[in-house]
Amino acid sequence: MIDDFAKDHLHGRLRRDREALVWKLDGLSEYDARRPLTVSGSNLLGLVKHVAGVEARYFGEVFDRPSPEPLPRWQDHDGSDLWATEDETREQIIESCRRTWEHSDATIDELPLDAPGHVPWWPEPHTGTNLFAVLVHVLGETNRHAGHADILREGVDGRTGMRPEHETRIDGKARDAYYAKVEQAARSAASSTARRAVPRDVMFERRGGGRAG
């Protein structure tokens, strides 16, 4: 019973976070969906593509159930899964992503949580694992990148929310007031820290209490 509950719970969270990640592309122009939004080149469509590739490998190769989606050998990884070329359409990437989900779901549904797997890209001697450990690992990876997508999307147009039903209309005045409050608290904390860092004898002299010569 506990195994069934654990599998259903983890699988449900994975499904939720997958959809949240893809939703972050909603309403974006082709440029905004693809353009680098950090100095390291992080971009929204690339995150979707990358997470799909992670799933394809972990719920495919690891359990000897290769994904039907074309993937380069893991030994040849070159970072190309982190961005979309001009020849790759958004629709193609999302469709490939959903086909990967179907394959992953079949692996999760058909195997018990203690089903053994092998991760050749993990360092020895930790290449042996099971479905439970892989589910937790992939859920963590998906959740982490969904969080990245939250921040990236907010930086593009201010839209926030975990899922469509949790998105609220942007109140510019309320948002600006909240930002100002947090900014003021940060400046006050920094100022207090700087004052505490001044040596007592220097502070004494600044207040006009210098020693007699």
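Does Pro-68 count as buried or exposed, and at what relative accessibility? Pro-68 counts as exposed because its relative accessibility is 60%, where exposed means over 50% relative accessible area, buried under 20% and partly exposed in between (1.4 Å probe, protein chains only). The structure is a predicted model, in which local features need pLDDT of at least 70, side-chain atom pairs count only at pLDDT 80 or more, and totals for chains, interfaces and linings use all residues. Residues are numbered from 1 along each chain as its sequence is written, and side-chain values use heavy atoms, with hydrogens and water left out.

The chain contains 7 helices and 2 strands, where helices (H or I, at least four residues) and strands (E, at least two) are DSSP runs numbered from the N terminus. Along the sequence these elements follow the pattern α-α-α-α-β-β-α-α-α. The radius of gyration of the chain is 24 Å, whereas a compact globule of 213 residues would have a value near 17 Å; the radius is taken over C-alpha atoms, and the globule rule is 2.2 Å times the number of residues to the power 0.38. Along the principal axes, the C-alpha atoms fill a box of roughly 85 × 45 × 40 Å. Of the 213 residues, 35% count as buried. Contacts, meaning heavy atoms within 4.5 Å, were also examined by sequence separation. Among those between residues at least 6 apart in sequence, 72% join residues at least 24 apart.

Helix H1 (residues 2-23) packs against helix H3 (residues 44-58) at an angle of about 150°, with the axes 9 Å apart. Axes are lines fitted to C-alpha atoms, for helices over the stretch in contact, and angles run from 0 to 180 degrees between N-to-C directions. H1 and H3 are therefore roughly antiparallel, given that angles over 145 degrees count as roughly antiparallel, under 35 as roughly parallel, 65 to 115 as roughly perpendicular and the rest as oblique. The contact involves Leu-14, Arg-18, Leu-21 and Val-22 of H1, together with Leu-47, Val-48, Val-51 and Glu-55 of H3. By class, the contact of H1 with H3 has 6 nonpolar, no polar and 2 charged residues; Ala, Val, Leu, Ile, Met, Phe, Trp, Tyr, Cys and Pro count as nonpolar, Asp, Glu, Lys and Arg as charged, and the others, Gly among them, as polar.

H1 also packs with helix H5 (residues 131-157), at an angle of about 25° and with the axes 9 Å apart. This angle makes H1 roughly parallel to H5. Among the residues in the contact are Leu-10, Leu-14 and Trp-23 of H1 and Phe-132, Leu-139 and Ala-146 of H5. The contact of H1 with H5 has 12 nonpolar, 4 polar and 6 charged residues.

Individual positions were then considered. Asp-32 is found in helix H2 (residues 30-34) and counts as buried, at 18% relative accessibility. Leaving aside residues up to four places away in sequence, Asp-32 touches Leu-44 and Val-156. Ala-84, in the loop between H3 and H4, counts as buried at 13% relative accessibility. With residues up to four places away in sequence not counted, Ala-84 touches Arg-34, Leu-45, Lys-49 and Ile-93. Ala-84 and His-50 are 34 residues apart in sequence, and their C-alpha atoms are 9.8 Å apart in space. Pro-68 lies in the loop between H3 and helix H4 (90-110). Pro-68 and His-103 are 35 residues apart in sequence and 7.9 Å apart in space, C-alpha to C-alpha.
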